[in-house]
Amino acid sequence: MIYLNGKEHEDYGSLAELLKDNGYKRDKIAVEINGAIIKKSDYDKTAVNSGDVIEVVSFVGGG
């Protein structure tokens, strides 16, 4: 079990899989796992482990 934005989710093998399955657009988000910010260039090679606390923040434009 992992925690994504405060809600329990089933385990995922990778961060890339989690983002894709949950409809996130990589160019419009920032990701933190267990308090560490993950570089966009590392999304494909970042493993997601049981118990991880993941926060995904979406950027919204405005004026």
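**Close-up views of the predicted model**

View 1. D44 counts as exposed, at 57% relative accessibility; here exposed means over 50% relative accessible area, buried under 20% and partly exposed in between (1.4 Å probe, protein chains only). The model is a predicted one, in which local features need pLDDT of at least 70 and side-chain atom pairs count only at pLDDT 80 or more, while totals for chains, interfaces and linings use all residues. Residues are numbered from 1 along each chain as its sequence is written, and side-chain values use heavy atoms, with hydrogens and water left out. The partner of D44 in a salt bridge is R26, and their closest N and O atoms lie 2.6 Å apart; the term denotes a side-chain nitrogen of Lys or Arg within 4 Å of a carboxyl oxygen of Asp or Glu. Because R26 sits in the loop between α1 and β3, and D44 in the loop between β4 (36–38) and β5, the pair ties together parts that are 18 residues apart in sequence. R26 itself is partly exposed, with 32% relative accessibility.

**View 2. The salt bridge between D42 and K45.** The structure holds 2 salt bridges. One of them joins D42 to K45, with 3.4 Å between the closest N and O atoms. K45 is exposed at a relative accessible area of 65%, whereas D42 is partly exposed at 24%.

**View 3. Surroundings of V31.** V31 belongs to strand β3 and is buried, at 2% relative accessibility. Apart from neighbours within four places in sequence, V31 is in contact with L15, L19, A36, I37, I38, Y43, I54, E55 and V56; contact means heavy atoms within 4.5 Å. From V31 to D42 the C-alpha distance is 10 Å, and the two residues are 11 apart in sequence.

**View 4. The largest nonpolar core.** Such a core is a set of buried Ala, Val, Leu, Ile, Met, Phe, Trp, Tyr and Cys residues joined through side-chain atoms within 4.5 Å. The largest has 14 residues, of which L15, L18, L19, V31, Y43, I54 and V56 touch the most other members. At least two residues of this core come from each of β1, α1 (15–21), β3 (29–33) and β5 (53–58). With residues up to four places away in sequence left out, L19 touches Y24, I29, V31, Y43 and V56. In soluble globular proteins, nonpolar side chains tend to be buried together.

View 5. M1, Y3 and V53 make a nonpolar surface patch of about 230 Å². Patch members have over 30% relative accessible area and no salt bridge; nonpolar side chains (Val, Leu, Ile, Met, Phe, Trp, Tyr) are joined within 5 Å, and like charges within 9 Å. Areas come from the Shrake-Rupley method with a 1.4 Å probe, and for residues only the protein chains shown count as cover. Y3 lies in strand β1 (residues 2–4) and is partly exposed, with a relative accessible area of 32%.

**View 6. The whole chain, for orientation.** The elements run β-β-α-β-β-β from the N terminus on; helices (H or I, at least four residues) and strands (E, at least two) are DSSP runs, numbered from the N terminus. Of the 63 residues, 29% count as buried. The chain exposes about 4200 Å², and carbon and sulfur atoms supply 50% of that area.
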